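Work through the exercises below with the sequence and the coordinates at hand, and try each task before reading the solution that follows it.

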Amino acid sequence: MNKDFKKQIVEHKEQLYYNSSGNVEAFRLGVRHLSAAIRDGNAFMVGGFVYPKQRLYIVDFKREIIEVVEDKIKLIELKVL
């Protein structure tokens with residue numbers, strides 16, 4: 001991950017989430033798994049899909065982008081690394 005993208009994550013004002021099976025770098029940067037949005041009250045889940053109650057910001061570490069999600073998104077199960 002390049003330094004500019006790390007800086008973008010650190011300086012982002014809204015809570016960031018990721019949607020993958022696990023990511024050590026996400027933990028270090030304070031990015032939470034998408035399932036945490038449900039616990040935070042920012043989304044609800046129906047049939048394996050997460051429906052945001054407000055805009056969610058999803059970090060894609062592979063493509064190094066932050067996506068804005070307002071529609072349903074398929075939840076990827078978090079696994080212990």
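**Exercise 1.** Determine which ring the charged end of K72 sits over, and at what distance from the centre.

*Solution.* The criterion is that NZ of Lys or CZ of Arg is within 6 Å of the ring centre and within 35 degrees of the ring normal. Applied to K72, this gives the ring of F49, with the charged end 4.4 Å from its centre. K74 also lies over the face of F49, at 5.2 Å from the ring centre. The model is a predicted one, in which local features need pLDDT of at least 70 and side-chain atom pairs count only at pLDDT 80 or more, while totals for chains, interfaces and linings use all residues. Residues are numbered from 1 along each chain as its sequence is written, and side-chain values use heavy atoms, with hydrogens and water left out.

**Exercise 2.** Work out how strand β3 is joined to strand β4, and what lies between them.

*Solution.* Strands here are DSSP runs (E, at least two residues) and helices are runs of H or I with at least four, numbered from the N terminus; two strands pair if DSSP finds at least two bridges between them. Strand β3 (residues 43-46) and strand β4 (residues 49-52) run antiparallel and are joined by four bridges, with M45 standing opposite V50 in β4. The two strands form a hairpin with two residues between them, and G47 in the turn has a positive phi of about 60 degrees.

**Exercise 3.** Classify the ring pairs F5 with F61 and F44 with Y51, and state whether the residues of each pair are buried or exposed.

*Solution.* Rings of Phe, Tyr and Trp (its six-membered ring) pair if their centres lie within 6.5 Å, and planes under 30 degrees apart count as stacked, over 60 as edge-to-face and the rest as tilted. The structure holds three aromatic pairs. For F5 and F61 the centres are 6.5 Å apart and the planes stand at 85 degrees, so this pair is edge-to-face. Because F5 lies in helix α1 (residues 3-11) and F61 in the loop between β5 and β6, the pair ties together parts that are 56 residues apart in sequence. Both F5 and F61 are buried, where buried means under 20% relative accessible area, exposed over 50% and partly exposed in between (1.4 Å probe, protein chains only). For F44 and Y51 the centres are 5.4 Å apart and the planes stand at 15 degrees, so this pair is stacked. F44, with a relative accessible area of 40%, is partly exposed, and Y51, at 27%, counts as partly exposed too.
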